[in-house]
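Subject: Structure handover

Hello,

Here is the structure I promised to pass on. Please open it alongside these notes.

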Amino acid sequence: MRQSEERYISLLTDFGFKRIFGTAPNKDLLINFLNSLFGKEQVIRDVKFLNSENVGDVYTDRKAIFDVYCENEHGEKFIVEMQNAYQKHFKDRSLYYSTFPIKEQAPKGADWDFSLAHVYVVALLNFDMHDDAFDEDSISHDVGLLDKQTKRVFNDKLTFKYVEIAKFDKPLDRLRTVYDKWLYALKNLPRLTDRPKELRDRVFDRLFEEAEIARFSTQELKEYEDSLKAYRDIKNSLDTAMEQGFEKGCEVGRAEGITSQRLDTARSMLADGLPLEKIMRYTGLSKEEIGKLK
């Protein structure tokens with residue numbers, strides 16, 4: 001097994017993201033990140049990880065597989081997702097995901113007054129979303145259920161946080177908050193060879209300890225290398241497609257280029273024996289589209 005060239009893992013990979021944010025021994029890292037994201041809006045003291053694979057109703061058997069799924073000490077639910085590739089219906093997917101922690105709150109065979117615990121969907125986006133509803137100058141977007149006329153909150157039990165980490169460009173000497181530091185780590189961790197002074201405290205001590213590749217077992221290293229290859233394949237494909245679309249000088253050409261490159265990437269991932277769910281995540285293709293390639 002080839003030793004990775006970097007000293008620290010990429011948190012943008014499936015393996016890296018789940019290792020740091022999706023394991024019980026590292027739940028303090030997830031708690032710190034979420035608190036930095038929510039600020040005074042939400043203070044989380046503890047989390048319990050839940051089953052990240054949810055199955056739909058008996059008619060469709062449609063599954064939702066979350067990167068991280070947990071609840072805090074008040075029973076409020078959190079879905080945390082890393083999305084590396086643009087997906088045409090990503091907003092619909094995040095809305096669909098939110099229905100699972102809502103529906104599972106209904107008790108079976110008992111009276112219920114429909115009181116719900118808050119559900120939060122956190123989407124970390126490694127691309128520019130370019131949504132008309134968003135402030136283009138902002139990285140973090142807070143979406144909820146509002147009255148369109150008064151702009152006041154209609155129901156506070158459902159919150160979406162979209163974070164365009166691809167747009168984060170602060171250098172180390174401009175990191176002012178814990179949130180800034182997390183965004184920097186999410187985007188730049190594998191580029192670092194040593195610990196910068198700006199990321200030296202108890203929480204980031206834990207992050208760098210868990211992210212150091214030299215500490216991995218042979219199996220962990222293999223899983224990380226596979227995850228890193230999948231991540232690089234899809235990013236390289238998307239970059240190529242963007243260039244092809246730009247050269248053609250039209251949005252149609254760009255879209256066609258991206259689709260073509262995604263299909264090529266999916267073929268390579270199928271040939272490498274990667275799971276269907278991982279191919280869907282990295283390429284943004286549907287199960288049906290991938291099935292046609294087999």
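Buried here means under 20% relative accessible area. On that cut-off, buried residues make up 46% of the 294 residues in the protein. Please keep in mind that this is a predicted model.

**Overall**

The protein has nine helices and eight strands.

Six strands make up an open sheet. Their order is β1-β4-β5-β6-β8-β7, and the pairing is mixed. β1 (47-49) and β7 are the edge strands. Each has a single partner strand, so one side of each has no neighbour in the sheet. From one strand to the next, the twist averages 25°.

Look at β6 and β8 next. They run in the parallel sense and pair over seven bridges.

**Lys77**

Is Lys77 buried or exposed? Its relative accessibility is 12%, so it counts as buried, the cut-off being under 20%. Lys77 lies in strand β5. The side chain of Lys77 makes a polar contact with the side chain of Glu71, at 2.6 Å.

The contacts of Lys77 outside its sequence neighbourhood (beyond four places away) are these:

- Leu50, Tyr69, Cys70 and Glu71 are among them.
- Pro101, Glu104 and Gln105 are also among them.
- The list also includes His118, Val119 and Tyr120.

Lys77 and Ile102 are 25 residues apart in sequence. In space, their C-alpha atoms are 8.7 Å apart.

**Gln42**

Gln42 sits in the loop between α2 (27-38) and β1. It has 7% relative accessibility and therefore counts as buried. Which side chains make polar contacts with the side chain of Gln42? One is that of Glu76, at 3.0 Å. Another is that of Tyr120, at 3.1 Å. Leaving out residues up to four places away in sequence, Gln42 touches Asn35, Asn72, Glu76, Phe78 and Tyr120.

**Ser94**

Ser94 is in helix α3 (residues 90-103). At 4% relative accessibility, Ser94 counts as buried. Its side chain reaches the backbone oxygen of Lys91 at 2.8 Å. Beyond four places away in sequence, Ser94 touches Val121, Phe160 and Tyr162.

**The α4 and α5 pair**

Two packed helices are described by the angle between their axes and the distance between the axes. For helix α4 (residues 178-188) and helix α5 (residues 202-211), the axes come within 12 Å. They cross at roughly 10°. That makes α4 roughly parallel to α5, because angles under 35 degrees count as roughly parallel.

Which residues meet here? From α4 come Val178, Lys181, Trp182 and Ala185. From α5 come Val203, Phe204 and Leu207. The residues of this contact divide into six nonpolar, no polar and one charged.

His130 has a phi near 55°, a positive value in a residue other than glycine. Its place is in the loop between β6 (119-125) and β7 (140-146). At 52% relative accessibility, His130 counts as exposed, since the cut-off is over 50%.

Lys151 has a positive phi of about 65°, although it is not a glycine. Where is Lys151? It is in the loop between β7 and β8 (153-164). Lys151 is exposed, with a relative accessible area of 60%.

Best wishes

Note on methods. Residues are numbered from 1 along each chain as its sequence is written. This is a predicted model: local features need pLDDT of at least 70, side-chain atom pairs count only at pLDDT 80 or more; totals for chains, interfaces and linings use all residues. Side-chain values use heavy atoms; hydrogens and water are left out. Helices (H or I, at least four residues) and strands (E, at least two) are DSSP runs, numbered from the N terminus. Buried means under 20% relative accessible area, exposed over 50%, partly exposed in between (1.4 Å probe, protein chains only). A polar contact is a pair of N or O atoms within 3.5 Å; within protein, one must be able to donate a hydrogen and the other to accept it, and residues adjacent in sequence count only if both atoms are side-chain atoms. Contact means heavy atoms within 4.5 Å. Axes are lines fitted to C-alpha atoms, for helices over the stretch in contact, and angles run from 0 to 180 degrees between N-to-C directions. Angles under 35 degrees count as roughly parallel, over 145 as roughly antiparallel, 65 to 115 as roughly perpendicular and the rest as oblique. Ala, Val, Leu, Ile, Met, Phe, Trp, Tyr, Cys and Pro count as nonpolar, Asp, Glu, Lys and Arg as charged, and the others, Gly among them, as polar. Two strands pair if DSSP finds at least two bridges between them.
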